[in-house]
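Subject: Structure handover and findings

Hello,

Here is the structure for you to take over.

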Amino acid sequence: MTKAFDSIMRGLQEVEAYLQGAREGYVVHEIKVPAPDVKAIRASTGLSQAEFARSIGVKKATLLNWEQSRRKPEGPARVLLALIAKEPGIVRRVLS
């Protein structure tokens, strides 16, 4: 068999073992991300609402809801906003 096939099979076997209750050796990392001040984070980038929304891959309406506290960013969006809060130019620098 190929290395790729062997790697895929090993991964599938690990998934099967995990689903059957074998949890030993698995580590779950949990990162606490504070609630972001989306409006302040966007302002720190110098981008308009439309530009900022495009730069992080969300609809402008979603960004407006976050900025007006009607909704809260969760999961990966919350992590991305935390990164931008620490380094406003990170998206432009890394993805351009």
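First, a term used throughout: a residue is buried when its relative accessible area is under 20%, exposed when over 50%, and partly exposed in between, with a 1.4 Å probe and protein chains only. By that scale R42 is buried, at 14%.

Some ground rules. The model is predicted: local features need pLDDT of at least 70, side-chain atom pairs count only at pLDDT 80 or more, and totals for chains, interfaces and linings use all residues. Residues are numbered from 1 along each chain as its sequence is written, and side-chain values use heavy atoms, with hydrogens and water left out.

**R42 and its partner**

R42 sits in helix α2, residues 38-45. Helices here are DSSP runs (H or I, at least four residues), and strands are E runs of at least two, numbered from the N terminus. Which residue does the side chain of R42 meet in a salt bridge? It is E67, at 2.5 Å from N to O. A salt bridge means a side-chain nitrogen of Lys or Arg within 4 Å of a carboxyl oxygen of Asp or Glu. This pair links distant parts of the chain: R42 is in α2, E67 is in α4 (residues 60-67), and 25 residues separate them. E67 is buried too, with a relative accessible area of 13%.

The two side chains also count as a polar contact, again at 2.5 Å. That term means a pair of N or O atoms within 3.5 Å; within protein, one must be able to donate a hydrogen and the other to accept it, and residues adjacent in sequence count only if both atoms are side-chain atoms. Setting aside residues up to four places away in sequence, R42 touches L47, S48, Q49, F52, L63 and E67. Contact here means heavy atoms within 4.5 Å.

**The other salt bridges**

The count comes to three salt bridges. One joins E74 and R78, with the closest N and O atoms 3.9 Å apart. Another joins R93 and E87, at 2.5 Å between the closest N and O atoms. R93 is exposed, at 51% relative accessible area. E87 is partly exposed, at 33%.

A polar atom of its side chain lies 3.0 Å from the backbone oxygen of V33. Leaving out residues up to four places away in sequence, R78 touches V33, P34, A35, P36 and P73.

**The core**

Which residues make up the largest nonpolar core? There are twelve: V38, I41, L47, F52, A53, I56, L63, W66, L81, I84, I90 and V91. A nonpolar core is a set of buried Ala, Val, Leu, Ile, Met, Phe, Trp, Tyr and Cys residues joined through side-chain atoms within 4.5 Å. At least two core residues come from each of α2, α3 (49-56), α4, α5 (75-86) and α6 (90-95). The largest share, three residues, is from α3.

W66 is another: its C-alpha is 8.6 Å from that of D37, and the two are 29 residues apart in sequence. D37 lies in the loop between α1 and α2 and is partly exposed, at 48%.

**The surface**

F5, I8, M9 and L12 form a nonpolar surface patch, with about 370 Å² of accessible area together. Patches take residues with over 30% relative accessible area and no salt bridge; like charges are joined within 9 Å, and nonpolar side chains (Val, Leu, Ile, Met, Phe, Trp, Tyr) within 5 Å. Areas come from the Shrake-Rupley method with a 1.4 Å probe, and for residues only the protein chains shown count as cover. M9 is in helix α1, residues 3-19. M9 is partly exposed, at 32%.

**Two local details**

E51 lies in helix α3. Its side chain reaches the backbone nitrogen of S48 at 2.8 Å. E51 is partly exposed, at 36%.

S69 is in the loop between α4 and α5. Its phi is near 60 degrees, a positive value in a residue other than glycine. Most residues other than glycine have a negative phi. S69 is exposed, at 63% relative accessible area.

Best wishes
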